[in-house]
Amino acid sequence: MSLRQEKFNSFIQEELGRIINRDLEMPLGSLLTIVGADTAPDLKFVKVYVSVLPENYRGTVLAILRKNTKKLQQALNKKFRTKVFPKIQWAVDVTEEKAMAIEALLDKIKKEL
C-alpha cells in the first residue's frame, strides 16, 4: 500500500467518524465505530469497515449508512477537494467476533488437555 493510500485511508476514517457523529442520527443505545478504510489503488472505491454494538443494531445502522452514502461522500469531497472522490462501500468488521471464536476454541482445547 502506498503512503498516499495510507494517508487517504486515515483521512477518510477520521472525517467519516466526525461527519457521522455530527450529521446522522443512529438508533438510541447503539454504538458505531469506523474501524478502518481500505482504498483501491486507483482511488475509485473505498471500503469502510464499521463495528456496531450491540450486534442486533447492525442491520439498522448499515441501512442508515447506505441510505446516506451520497450525503457522506459529498461532505468528504468538500473536505478533501478532489476531482473524483472514491465511492464508499460499507462492510462490517468481524475481527472481534473471529478473535472471540478463536479464544473459545483455545479454551475448549485447554479443557480437553
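**Questions on a Predicted Model**

User: Where does Leu43 lie?

Analyst: Leu43 lies in the loop between strand 1 and strand 2. The model is predicted: local features need pLDDT of at least 70 and side-chain atom pairs count only at pLDDT 80 or more, while totals for chains, interfaces and linings use all residues. Residues are numbered from 1 along each chain as its sequence is written, and side-chain values use heavy atoms, without hydrogens and water. Strands (E, at least two residues) and helices (H or I, at least four) are DSSP runs, numbered from the N terminus.

User: Why is Leu43 called buried?

Analyst: Its relative accessible area is 12%. Buried means under 20%, exposed means over 50%, and partly exposed lies in between, with a 1.4 Å probe and protein chains only. Leu43 is therefore buried, since 12% falls under the 20% limit. Leu43 also has a positive phi of about 60 degrees although it is not a glycine. The hairpin that holds Leu43 has five residues between strand 1 and strand 2.

User: What makes strand 1 and strand 3 stand at the edges?

Analyst: The sheet is open, with three strands in the order 1-2-3 and mixed pairing. Strand 1 (31-39) and strand 3 (87-92) each have a single partner strand, so one side of each has no neighbour in the sheet. From one strand to the next, the twist averages 30 degrees.

User: Which side chains of strand 2 are buried?

Analyst: The side chains alternate along strand 2: Val46, Val48, Val50 and Val52 point to one face and are buried.

User: Which helix lies across strand 1, strand 2 and strand 3?

Analyst: Helix 1 (residues 3-23) does so, running at about 155 degrees to strand 1. Axes are lines fitted to C-alpha atoms, for helices over the stretch in contact, and angles run from 0 to 180 degrees between N-to-C directions. Contact means heavy atoms within 4.5 Å.

User: What makes the pair of Arg18 and Glu15 a salt bridge?

Analyst: A salt bridge requires a side-chain nitrogen of Lys or Arg within 4 Å of a carboxyl oxygen of Asp or Glu. The closest N and O atoms of Arg18 and Glu15 are 2.6 Å apart, so the pair qualifies. Arg18 and Glu15 are three residues apart in helix 1, about one helical turn.

User: How do you know that Glu15 forms a salt bridge with Lys79?

Analyst: The closest N and O atoms of Glu15 and Lys79 are 3.9 Å apart, so this pair also falls within the 4 Å limit. Glu15 lies in helix 1 and Lys79 in helix 3 (residues 69-80), so the pair ties together parts that are 64 residues apart in sequence. Glu15, Arg18 and Lys79 are linked in a network of salt bridges.

User: Are Glu15 and Lys79 buried or partly exposed?

Analyst: Glu15 has a relative accessible area of 10% and is buried. Lys79, at 48%, counts as partly exposed. Arg18 is likewise partly exposed, with a relative accessible area of 48%.

User: How many salt bridges does a search of the whole structure find?

Analyst: The search finds three. One of them joins Asp23 and Arg22, whose closest N and O atoms are 2.9 Å apart. Asp23 is partly exposed at 33%, whereas Arg22 is exposed at 55%.

User: What makes Ile102, Leu106, Ile109 and Leu113 a nonpolar patch?

Analyst: Patches are made of residues with over 30% relative accessible area and no salt bridge; like charges are joined within 9 Å, and nonpolar side chains (Val, Leu, Ile, Met, Phe, Trp, Tyr) within 5 Å. Ile102, Leu106, Ile109 and Leu113 form such a patch on the surface, with about 440 Å² of accessible area together. Accessible areas come from the Shrake-Rupley method with a 1.4 Å probe, and for residues only the protein chains shown count as cover. Ile102 lies in helix 4 (residues 95-112).

User: Which peptide bond is cis?

Analyst: The bond joining Leu53 and Pro54 is cis, with omega about -15 degrees. Pro54 lies in the loop between strand 2 and helix 2.

Key
Pairing = 2+ DSSP bridges.
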